[in-house]
Amino acid sequence: MPFLSDLSTLTRSANASYRRMDVGASLRVAQQSMEQANRVLAASVVAHDPALDAARVRAFATVTDARRRPMMFGMDSVVELDLIVTMPGGIPMPASRTEQLAPLLLARAAPGARLEVSLVPGRPDTVRLEWGA
């Protein structure tokens, strides 16, 4: 029975691989991946402080660079965006954002794209992309 002998060979090979596996190292790699994912997720969230939200102004930003990170949350890709925000007075300000983007939004975040944003003047860390606009 060639099928049973192949199955037996496959089982022996799998058991040998399992015995050689370093479970501790695999767990450490998984822990590092989770910590990196948590850092990226934290960077993509803009805190909603009522005092800051009252001071927000609308502006436009031009995407100068967009880099996809090698991770996804569900179907959303993680993308690092470098932006030049043009304030209402015409003053340009560089800013960076890490965003989780749905597949339909990826094309809108290409370099050269113009996006509507809101931010607290003088605080590039408060830039929030206004996708619904």
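1. Basis of the note. This is a predicted model, in which local features need pLDDT of at least 70 and side-chain atom pairs count only at pLDDT 80 or more, while totals for chains, interfaces and linings use all residues. Residues are numbered from 1 along each chain as its sequence is written, and side-chain values use heavy atoms, with hydrogens and water left out.

2. Helices (H or I, at least four residues) and strands (E, at least two) are DSSP runs numbered from the N terminus, and two strands count as paired if DSSP finds at least two bridges between them. Strand β1 covers residues 57-73 and is joined to strand β4, residues 114-120, by 6 bridges in the antiparallel sense; within this pairing, A59 stands opposite V117 of β4. β1 also pairs with strand β2 (residues 76-86), again antiparallel, over 10 bridges. Here T62 faces I84 of β2, and D65 stands opposite D82 of β2. The hairpin of β1 and β2 has 2 residues between the strands, and G74 takes a positive phi near 65° in it.

3. From β2 to β3. An antiparallel arrangement also links β2 to β3, through 10 bridges, and one of the paired positions is V78, whose bridge partner in β3 is Q100. These two strands form a hairpin with 5 residues between them, in whose turn G90 has a positive phi of about 90°. As a general point for reading such strands, side chains in a regular strand alternate between the two faces of the sheet.

4. Accessibility is classed as buried under 20% relative accessible area, exposed over 50% and partly exposed in between (1.4 Å probe, protein chains only). On that scale D82, at 22%, counts as partly exposed, and R67, at 32%, also counts as partly exposed. In another salt bridge E80 meets R69, the closest N and O atoms being 2.7 Å apart, and this pair too links distant parts of the chain, with E80 in strand β2 and R69 in strand β1, 11 residues apart. R69 is partly exposed, with a relative accessible area of 23%.

5. The side chains of D125 and R123 meet in a salt bridge at 3.1 Å, N to O; D125 is exposed at 53% relative accessibility, whereas R123, at 32%, is partly exposed. Salt bridges that share partners join D65, R67, R69, E80 and D82 into one network.

6. The nonpolar core. A nonpolar core is a set of buried Ala, Val, Leu, Ile, Met, Phe, Trp, Tyr and Cys residues joined through side-chain atoms within 4.5 Å. The largest such core has 20 residues, of which L83, V85, V117 and L119 touch the most other members. The elements that give two or more residues to this core are β1, β2, β3 (92-101), β4 and β5 (123-129), and β2 gives the most, with 4 residues. With contact meaning heavy atoms within 4.5 Å, and with residues up to four places away in sequence not counted, L83 touches A61, T62, V63, T64, M93, P94, A95, R97, V127 and L129.

7. E130 is found in the segment after β5 and, at 18% relative accessibility, counts as buried. A polar contact is a pair of N or O atoms within 3.5 Å; within protein, one must be able to donate a hydrogen and the other to accept it, and residues adjacent in sequence count only if both atoms are side-chain atoms. The side chain of E130 makes such a contact with the side chain of S118 at 2.6 Å, and another with the side chain of R128 at 3.3 Å. Leaving out residues up to four places away in sequence, E130 touches R58, E116, V117 and S118.

How values were computed
Salt bridge = Lys/Arg side-chain N within 4 Å of Asp/Glu carboxyl O.
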